[in-house]
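Take a slow look at the chain before reading on.

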Amino acid sequence: ADISTTLAGVKLPNLLFNASGVCCQTEADLKLMVESESGALITKSATVEQRDGNPAPRYTPLPNGIGSINSMGLPNEGYEYYLEYAKKYDYNSEKPLFISLSGLSLDDNVKMCKAFVDAKLPCVLEINYSCPNVPGKPQMGYDMEAMEKSLSVLAPLIKKPFGIKLPPYFDIAHFDQAAAVFNKFDNLAFVTCINSVGNGLAIDFVTEQALIKPKDGFGGLGGLMVLNTALANVNAFHRRLPGKQIVGVGGVVSGKEAFLHVLAGASAVQIGTMLKEEGPGVFARIAKELSDIMVAKGYKTLEDFRGKVKTL
Ligand SMILES: O=C(O)c1[nH]c(=O)[nH]c(=O)c1Cl
């Protein structure tokens, strides 16, 4: 079956790629993504300066495949590293490049976006409004006014289609309020839902210790356990953002969850925890599983079922 897609005007040979943060901090990581069967790749969220991030242990999978917890603390090589990578990238390859930016202030985001705009590159920007793990920095995604202010500056600056990475919302009024902001920006081409479910706490029963070191063990939750919150956010914004696209992320462990994300409205699907645990081979596996599901159900393309979740 045909699992190709288009996102922000660029063609992806298949709808799967990495969630920013996983397998994408260094050129070596990104090379693995280029060599994988993913349909695209996205870089680790960049800040103006290089960051070491939080002390380890700062990521761990959770027992029984239910997911993961992380409090990485935005470790990255600094935006100029990713700008250089974007300048060297082979845009004739069939795999488009996405760049994640997560400035610690609006000025930082302006500085980084300007640099990418001035470089006139084909890569697509995804602005991260939802990092839950920088101590002292509440995430923008839960501050509608701050997001609107940021977008009112960045959207005209970026000019071409771009996306934003959102935290999960849990209240219908918040879906409504967030969509009202996003619908004001025509070149906001897609929203990526969801980032990790912020500030969970994983405790080891035997040792009675938190599993990760930063923030008293508090960190973002990912993996299968967040699937149903992810599907809700994908569908809520699919219903509320006519003319925009949704990138679905959260809980994709097989072709089945990728299928459900498309059914909920996703135009592309990112994989985080499963990529971290299984490695880049996950893309070939899930691509085949999804294609087999589509054949079994009689669907030829993603358009045949995108957003067609039935209600009772
Ligand atoms: O701690 C992190 O680096 C991190 N971790 C996440 O789960 N989401 C993010 O957006 C970021 Cl920036």
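**A walk through the fold**

Start at a proline. Pro57 sits in the loop that runs between strand S4 (41-42) and strand S5 (59-62). The model shown here is a predicted one. In it, the peptide bond from Ala56 to Pro57 is cis, and its omega is near -5 degrees. Most peptide bonds are trans.

Now step back to the whole chain. How many helices and strands does the protein chain have? It has 9 helices and 14 strands. Its C-alpha atoms fill a box of roughly 55 × 50 × 40 Å along the principal axes.

Contacts across the sequence tell more. Take contacts between residues at least 6 apart in sequence: 73% of them join residues at least 24 apart. Of the 312 residues, 55% are buried. The protein chain exposes about 13300 Å², and carbon and sulfur atoms supply 55% of that area. Charges come next. There are 31 positive and 32 negative side chains, and the centres of the two sets lie 4 Å apart.

Go inside. The largest nonpolar core has 85 residues, and Ile127, Ile164, Phe182 and Phe237 touch the most other members. Look at Phe182 in particular. A second, separate core has 13 residues, among them Phe17, Ala40, Val124 and Ala189.

Loops can hold buried residues too. Asn76 is in the loop between strand S6 (67-70) and helix H2 (79-88). Is Asn76 buried or exposed? Its relative accessible area is 0%, so Asn76 is buried. Beyond its neighbours up to four places away in sequence, Asn76 touches residues including Gln25, Lys44, Glu49, Arg51 and Tyr82. Phe162 is 86 residues from Asn76 in sequence, and their C-alpha atoms are 21 Å apart.

Ser254 makes another case. Its loop runs between strand S13 (245-249) and helix H7 (255-264). Ser254 has 16% relative accessibility and therefore counts as buried, because the cut-off for buried is under 20%. Apart from neighbours within four places in sequence, Ser254 contacts Arg285, Ile286 and Glu289.

Ile172 belongs to helix H5 (residues 172-182). At 51% relative accessibility, Ile172 counts as exposed. Asn233 is 61 residues away along the chain, yet the C-alpha atoms of Ile172 and Asn233 are separated by 9.9 Å.

Finish with backbone angles. Most residues other than glycine have a negative phi. Which way does Ala8 go? Phi of Ala8 is near 55 degrees, a positive value. Ala8 lies in the loop between strand S1 (5-7) and strand S2 (10-12), and at 11% relative accessibility it counts as buried. Asn199 is not a glycine either, and its phi is positive, about 55 degrees. Asn199 is in strand S11, and at 39% relative accessibility it counts as partly exposed.

How values were computed:
Residues are numbered from 1 along each chain as its sequence is written. This is a predicted model: local features need pLDDT of at least 70, side-chain atom pairs count only at pLDDT 80 or more; totals for chains, interfaces and linings use all residues. Side-chain values use heavy atoms; hydrogens and water are left out. Helices (H or I, at least four residues) and strands (E, at least two) are DSSP runs, numbered from the N terminus. Buried means under 20% relative accessible area, exposed over 50%, partly exposed in between (1.4 Å probe, protein chains only). Contact means heavy atoms within 4.5 Å. Accessible areas come from the Shrake-Rupley method with a 1.4 Å probe; for residues, only the protein chains shown count as cover. Lys and Arg count as positive and Asp and Glu as negative; His and the chain ends are not counted. The place of a charge is taken as NZ of Lys, CZ of Arg, CG of Asp or CD of Glu. A nonpolar core is a set of buried Ala, Val, Leu, Ile, Met, Phe, Trp, Tyr and Cys residues joined through side-chain atoms within 4.5 Å.
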